[in-house]
Amino acid sequence: MRLHQTRASPGALFGCHGAGFVAVPLAGMTLAQMGADVTRVDPIGGAADYRRWPITEYGESIYWAGLNKGKQSAAIDVSSAEGQQLIQRLIVDAGILITNIAGRQWHSHATLAAQRPDLIQIKISGRADGGAGVDYTVNAGVGFPMVTGPEALATPVNHVLPAWDVACGIYTALAVTAALRHREQTGEGQRITTPLENVALATSGNLGFLTEVMVNGVARERIGNSLYGQYGQHFVSADRTSFMVVALTGRHFRDLTEVTGTDECRCSAWPDARR
């Protein structure tokens, strides 16, 4: 993606895309929505996500269209020397590169920074060691599938929402704006690496999932649709409509028992309900 900096935009961005990630196109789209001039570059015929599901009846990717709103698009023969040189010129002109492609010397930070020393490059990888990984494998590695799903289930359940990809994309967009600010103040570029695995582990730690085990020595158990630490339950109404009821505070819970006519003494889901 190429991001052309103007006074009204956060910068100019150029993105080279590999397979499978949500994070890179989401980061570019977020910056485009903030006013950036973003160009996405793919190989001839499109990258691996060009036909990713969901698709229309004509085979067009709804996913691809959704994550690439507001961008310019270029398809370049990345296997040819001419194509590689063209992409290098575009990146050097833009000054910012977001990519998830590894092992390509022709668009490495060292190669590009030799042509533009204040280059900002952000590379998103799957694992902290630079290895491959996608949201669903990272999520499995962190362990969330073992606390997702019905209480009695013995097998893992992977989340349908690529939460780590989404978080990584937003982190990356924020990193671009911070790096631009740094460049404006110092004239220096940045080389930034954002592993999806690190985003998942850092977020898990920030939310207390890792510390809970370290401090209490007890692993989190499955609780189905219940809300851990607060009251949350799934119900089905008389007309067979499914809905969730959530009470985040003791006052909410007392109000809930009053509205529903439920005897508060028989409800032990909220330990501080009487406060």
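Where is Gly 229 found? The close-up views below show a predicted model, in which local features need pLDDT of at least 70, side-chain atom pairs count only at pLDDT 80 or more, and totals for chains, interfaces and linings use all residues. Residues are numbered from 1 along each chain as its sequence is written, and side-chain values use heavy atoms, with hydrogens and water left out.

**View A. Gly 229 in its loop.** Gly 229 is found in the loop between helix 8 (209-216) and strand 8 (231-236); helices (H or I, at least four residues) and strands (E, at least two) are DSSP runs, numbered from the N terminus. Gly 229 counts as exposed because its relative accessibility is 57% (exposed means over 50% relative accessible area, buried under 20% and partly exposed in between, with a 1.4 Å probe and protein chains only). Between Gly 229 and Leu 248, 19 residues apart in sequence, the C-alpha to C-alpha distance is 8.8 Å.

**View B. Helix 1 and Gly 35.** Helix 1 (residues 23-33) is mostly covered, with ten of its eleven residues buried. Among them are Val 24, Leu 26, Met 29 and Leu 31. Just after helix 1, Gly 35 takes a positive phi of about 110°.

**View C. Helix 5 and helix 7.** Helix 5 packs with helix 7 (residues 196-206) at an angle of about 45°, and their axes are 10 Å apart (axes are lines fitted to C-alpha atoms, for helices over the stretch in contact, and angles run from 0 to 180 degrees between N-to-C directions). The two helices are therefore oblique to each other (angles under 35 degrees count as roughly parallel, over 145 as roughly antiparallel, 65 to 115 as roughly perpendicular and the rest as oblique).

**View D. Val 160.** Val 160 lies in the loop between helix 5 (135-142) and helix 6 (163-186). Val 160 is exposed, with a relative accessible area of 74%.
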